[in-house]
Amino acid sequence: MSTFTKEQMKHIGDLASIALNDEEIDRFLHELDSIAESISQMQDIPTDNVEPTTNPIAIEAYLRPDEAVTPLSQKDAIAGAPVSEAGMFVAPKILGEE
Amino acid sequence: MAKASELVTLTAAQMADKLKKGDISSRELVEAELQTIDSAEPTLQAFLARSSEEALAVADDIDTRRAKGEELPSLAGVPVAVKDMIVTKGIETTAASKILEGWIPPYDATVVTRMKNTGMPILGKTNLDEFAQGSSTENSAFHNTYNPWDITRVPGGSGGGSATSVASFETPLALGTDTGGSIRQPAAFTGTVGVKPTYGRVSRYGAIAMASSMDQIGPCARTVEDAAMLYDVIAGYDDHDSTSIREILPSMTAAALQGKNQDLKGLRVGIIKEATGDGFEEEVKNNFSEGIKLLQNMGANVEEVSFRHFLHGIQVYYVVMPAEVSSNLARYDGMRYGLRVMPPADVPQTAANMMAYTREAGFGAEVKRRIILGTYALSAGKYEEWYGKAQRVRTVMIQDFNKAFKDFDVLVCPTAPTSAFKIGEVEDPATMYRNDIATIPANLAGLPAISIPSGLDHNNLPVGFQILAAQKNDELMFRVASALETAFNKKWGAPLWAQLKTPWLDSLSEE
C-alpha cells in the first residue's frame with residue numbers, strides 16, 4: 001500500500017517551500033514509502049502514559065544575567081545578504097497578486 | 001629542525017609537550033601540517049577550505065608569547081581542523097551545501113572562540129555530507145572525501161572530512177558534529193577516535209543546526225588522550241545555548257591519563273546484545289570480542305544486556321531527526337544570507353516563489369528527502385501518529401538506558417555493522433540509514449559515547465569499538481576507552497595507525 005500520493009507529495013513540497021520537479025516527486029514517492037513502512041514498526045511499542053521527550057537532559061529554565069552586550073553590527077548582519085540596499089535586506093514582492 | 005613527516009605523526013599531546021619544552025615552534029608544526037595537506041589533498045580531498053594564513057598568524061603569535069615566558073594552555077600552538085558545519089568568523093562556511101556557498105559568517109561558534117582563546121591555529125574547514133545528512137560524505141555538494149586506508153572507499157559520514165584529515169596526519173585534531181553517529185562512524189571507518197559528549201556538555205552556539213535535540217559537537221583525534229584534551233578546551237557552560245548544562249566539569253584529560261594504568265577491577269560492562277547480532281559482519285563481531293577479552297583481562301565484569309527497543313532507535317530517529325531538520329532548515333529562504341534564485345520568467349516574481357525555487361536549486365537530494373519526510377511528520381493529522389509517537393518511544397528508550405545504568409557502569413558494542421564500504425556501493429537510503437543503527441541510540445538518549453579502533457578486517461580496513469556511559473559520566477567513558485586503547489596498543493605493539501600506508505608523507509621536504 002502506498003502511504004503517499006502524487007498530489008500529497010506536491011502539497012508537502014508547498015508546505016516545505018520547495019519547488020519539486022516531477023522526477024523528484026516520483027522518486028521521493030517511492031523512497032518515502034519504504035521509509036514510512038519501516039517507521040510504522042514503532043507503532044506496536046506500547047507508550048500509554050509515557051511522556052514525550054523533547055530534551056534528553058532535563059534542564060530547569062533560568063534567566064540569563066540582564067547585562068548589555070554588543071550585538072552584531074547592522075553592517076555585519078547584512079554582509080551576507082543576497083541583495084541589500086541602504087543597510088536593509090531587499091526582498092521580492094511579498095503582498096499583492098500572485 | 002625535524003622532518004615534517006615526523007612532526008605530523010606526533011600525537012597532539014606530544015606536540016603540546018615539545019612546544020612547551022621549546023623543542024619545536026608552532027610555526028614549524030603548522031607548516032608541516034600545511035605541507036601534508038598540500039601533498040595529501042589531491043588524493044583524499046578532506047578539506048573544503050583552508051585558512052593557512054590565519055593559522056600561521058596564530059602560530060607566530062603563540063611562538064612570540066611563549067618566547068616571552070607567558071604561561072599558555074596545553075594545546076596552545078597545536079593545530080586543529082573544523083568540520084564545515086561549525087561557523088568560523090571570516091572563513092567561508094558552507095555545510096557542504098550550494099545554498100550556503102560563499103557565505104562568510106560574521107561570528108564564531110563558541111567552540112571556535114574557545115579554541116582561539118587557547119591559541120590553536122585553525123587549518124581549515126573539512127568536508128561532510130550536506131548539512132551533516134549522510135553516512136559516507138558522498139552527499140557533499142562539492143566533492144567526495146576518500147578513505148586513507150583505501151581510496152576506493154568512503155570515510156564514513158557525515159564527518160568524513162574531519163576523520164580523514166586526522167587519520168592521514170593532515171591535522172592532529174579536528175572538530176566534528178554528531179547527531180546520529182557523524183563523529184563516531186567515520187572514526188570507526190578511518191581507524192581514529194571520535195567522541196560524542198553528553199548532550200549539553202558542549203555549546204551548540206554556532207553549530208549549524210540539523211536536529212537540535214540530538215546535535216552535539218565533539219573531538220576527532222588519533223588517541224583517546226588527544227580527544228580528551230580537545231574536549232577539555234571546548235566543553236563547559238555557555239549562556240548562548242539554552243540546553244547547555246550549568247556545571248563545572250572534571251578534567252577528561254586526567255581521566256584519560258588515569259585509564260592508561262589499565263585498572264578496571266570491578267567495572268561493570270554491559271554488551272548490548274541487539275548490536276552484536278544480525279546485520280553485523282562476522283569480522284566486526286570477532287574484532288569486538290577481542291576488545292571484550294581485553295576488558296576482562298583488566299578486571300572488568302562483562303555481561304550481556306538486552307535492550308528490547310534498541311533496534312527501534314533507527315525508526316524513532318527517522319521521524320524525530322527529519323522533523324527537526326525540516327524546522328531548522330526553514331531558515332534557508334534566500335532572504336538574509338546564502339543563495340537566492342528567482343523563479344523563471346513565466347512564474348510570478350514573489351517572495352514565496354523565490355523561496356521555493358531557491359530551496360529547490362540549493363538543497364541536494366538527501367536534504368530534500370529529509371525535509372519532505374519531516375514536513376509530513378509534523379503536518380496536521382500526522383503529528384501525533386508520527387512525531388508524538390516517536391518522542392514517546394524515545395522516552396521508553398531513555399528509561400531502558402536508565403535502568404541498565406543501575407546495573408552497568410558502561411555499555412559497549414561495535415560502532416558500525418560493517419567496515420568502510422565502496423564509494424557508490426550503497427544507493428538505497430534505507431540501507432545507508434542502517435549504518436547508524438548502533439550510534440543513534442546515544443543521540444536519542446543524550447548519552448556520551450566514544451569510538452576507538454579495535455583492529456583491521458581482512459580488507460585491511462579499520463573497525464570501531466563503541467563505549468557508552470550514563471549522562472554526564474563522560475569522564476568514566478574516557479577512562480575506560482583509554483584503558484582499552486592502551487591494551488589494544490600493547491597487543492598490536494603499536495597504535496593501529498602505524499599500519500596505515502601514507503605515500504603523501506614520503507614526498508615531504510626534509511627541513
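Modeller: In this predicted model, chain B has an open sheet of eleven strands with mixed pairing. Read across, the strand order is β1-β3-β2-β4-β6-β5-β10-β11-β9-β7-β8. The edges are formed by β1 (47–50) and β8 (301–305) of chain B, each of which pairs on one side only. From one strand to the next, the twist averages 25°.

Within this order, β5 of chain B stands between β6 and β10. The pairing of β5 (residues 193–196) with β10 (residues 449–456) of chain B is antiparallel and runs over three bridges. At the level of residues, B:Gly194 has B:Ser451 in β10(B) as its bridge partner.

The contact between them involves 35 residues of domain 1 of chain B and 30 residues of domain 2 of chain B. On the domain 1 side, the elements of chain B that give two or more residues are α14 (383–407), α15 (429–433) and α16 (440–445). Of these, α16(B) gives the most, with four residues. By residue class, this side of domain 1 of chain B divides into 20 nonpolar, eight polar and seven charged residues.

Note on methods:
Residues numbered from 1 in each chain as written. Chains lettered and ligands numbered in written order. Predicted model: local features only at pLDDT ≥ 70, side-chain atom pairs only at ≥ 80, totals over all residues. Contact = placed C-beta atoms within 7 Å. Nonpolar A, V, L, I, M, F, W, Y, C, P; charged D, E, K, R; others polar. Pairing = 2+ DSSP bridges. Axes fitted to C-alpha atoms, helices over the stretch in contact; angles between N-to-C directions.
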